[in-house]
Amino acid sequence: MSIITKTGDRGQTFLYSGERIWKDDARVDAYGSIDELDAHIGDAKHLLANPELQELLIDLQNKLYRVMGELASPTAVYPYPICENDVDEITERIKAFETQTPVTGFVIPGSTPASAKLDICRTIARRAERRVISLSRHEEVSEEILSFMNRLSDFFFIMARHIEASEGALTYKRTSDRIECKGDR
């Protein structure tokens, strides 16, 4: 069976729940941004030496599939929705990283290849969250998805800092970087 269906040749796609919508619809844009994030997480896993951190990312990828499935099911009950437990779990992981890696100032991102990739994931997660919020202003999106999406960028930020700290590479913005500007301001 080929992955080529030709059903999208005129700019529409099928949702998980069966409806056909335009490929530039806010719903497709929202789960498409999450799909982009998922691909970057897949890349990030290869840069992590710690198998436990790799497993955290695999778990997160599985949850993102549930988010995408739920977003692609506006008129059907999706059987694997994001739940409050998922939000609590990612919140606890963030807190655990914060305990292990206190951040005491503005961080210059990307001090290691792995943390740089996680910072890319962080910014894509923020964009994906904005797309989901945009969708939620016009159509119903569960509170759990909104909360989960809100946690993602924090998760990537603190995981990247954790990696940098463990490698002695956590870099803070210098407060001594003051320059004199010529002219009136």
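**View 1. Thr-112 lies in the loop that links helix 3 (84–100) to helix 4 (113–136).** This is a predicted model, in which local features need pLDDT of at least 70 and side-chain atom pairs count only at pLDDT 80 or more, while totals for chains, interfaces and linings use all residues. Residues are numbered from 1 along each chain as its sequence is written, and side-chain values use heavy atoms, with hydrogens and water left out. Helices (H or I, at least four residues) and strands (E, at least two) are DSSP runs, numbered from the N terminus. Is Thr-112 buried or exposed? Thr-112 counts as buried because its relative accessibility is 6%; buried means under 20% relative accessible area, exposed over 50%, and partly exposed in between (1.4 Å probe, protein chains only). Its side chain comes to 3.0 Å from the backbone nitrogen of Ser-115. Setting aside neighbours within four places in sequence, Thr-112 is in contact (heavy atoms within 4.5 Å) with Ile-163, Glu-164, Glu-167 and Ala-169.

View 2. Along the principal axes, its C-alpha atoms fill a box of roughly 55 × 50 × 35 Å. Of the 185 residues, 38% are buried. Take the contacts with a separation of 6 or more: 72% of them join residues 24 or more positions apart.

**View 3. The largest nonpolar core has 43 residues.** A nonpolar core is a set of buried Ala, Val, Leu, Ile, Met, Phe, Trp, Tyr and Cys residues joined through side-chain atoms within 4.5 Å. Which residues have the most contacts inside this core? They are Leu-71, Leu-152, Phe-155, Phe-156 and Met-159. At least two core residues come from each of helix 1 (26–45), helix 2 (51–71), helix 3, helix 4 and helix 5 (143–166). Helix 5 gives the most, with ten residues. In soluble globular proteins, nonpolar side chains tend to be buried together. Zoom in on Phe-155 and, not counting residues up to four places away in sequence, you will find it touching Leu-56, Leu-57, Leu-60, Ile-90, Arg-93, Ile-94 and Phe-97.

**View 4. Helix 2 and helix 5 cross at roughly 160 degrees, and their axes come within 12 Å.** Axes are lines fitted to C-alpha atoms, for helices over the stretch in contact, and angles run from 0 to 180 degrees between N-to-C directions. Helix 2 and helix 5 are therefore roughly antiparallel to each other; angles over 145 degrees count that way, while those under 35 are roughly parallel, 65 to 115 roughly perpendicular and the rest oblique. The crossing of these two helices is left-handed, meaning that the near helix is turned anticlockwise from the far one by less than a right angle (clockwise would be right-handed). On the helix 2 side, the residues that meet helix 5 include Leu-53, Leu-60 and Leu-71. Among their partners in helix 5 are Ile-145, Phe-155 and Ile-163.

**View 5. Helix 1 and helix 4 pack at an angle of about 165 degrees, with their axes 8 Å apart.** This pair is therefore roughly antiparallel, and helix 1 passes helix 4 in a left-handed crossing. Residues making the contact include Ala-30, Ser-33 and Leu-37 of helix 1, and Cys-121, Ile-124 and Ala-128 of helix 4. Ile-120 is also part of this contact. How exposed is Ile-120? Ile-120 counts as partly exposed because its relative accessibility is 38%.

**View 6. Arg-161 sits in helix 5.** Arg-161 counts as buried, because its relative accessibility is 1%. Pro-102 is 59 residues away along the chain, yet the two C-alpha atoms are separated by 8.8 Å. Beyond residues up to four places away in sequence, Arg-161 touches several others, including Val-103, Pro-109, Asp-119 and Leu-170.

**View 7. Ser-166 also belongs to helix 5.** Ser-166 counts as exposed because its relative accessibility is 57%. Which backbone oxygen does the side chain of Ser-166 reach? The side chain reaches the backbone oxygen of Ile-163, at 2.8 Å. Ser-166 and Thr-101 are 65 residues apart in sequence and 8.6 Å apart in space, C-alpha to C-alpha.

Key:
A polar contact is a pair of N or O atoms within 3.5 Å; within protein, one must be able to donate a hydrogen and the other to accept it, and residues adjacent in sequence count only if both atoms are side-chain atoms.
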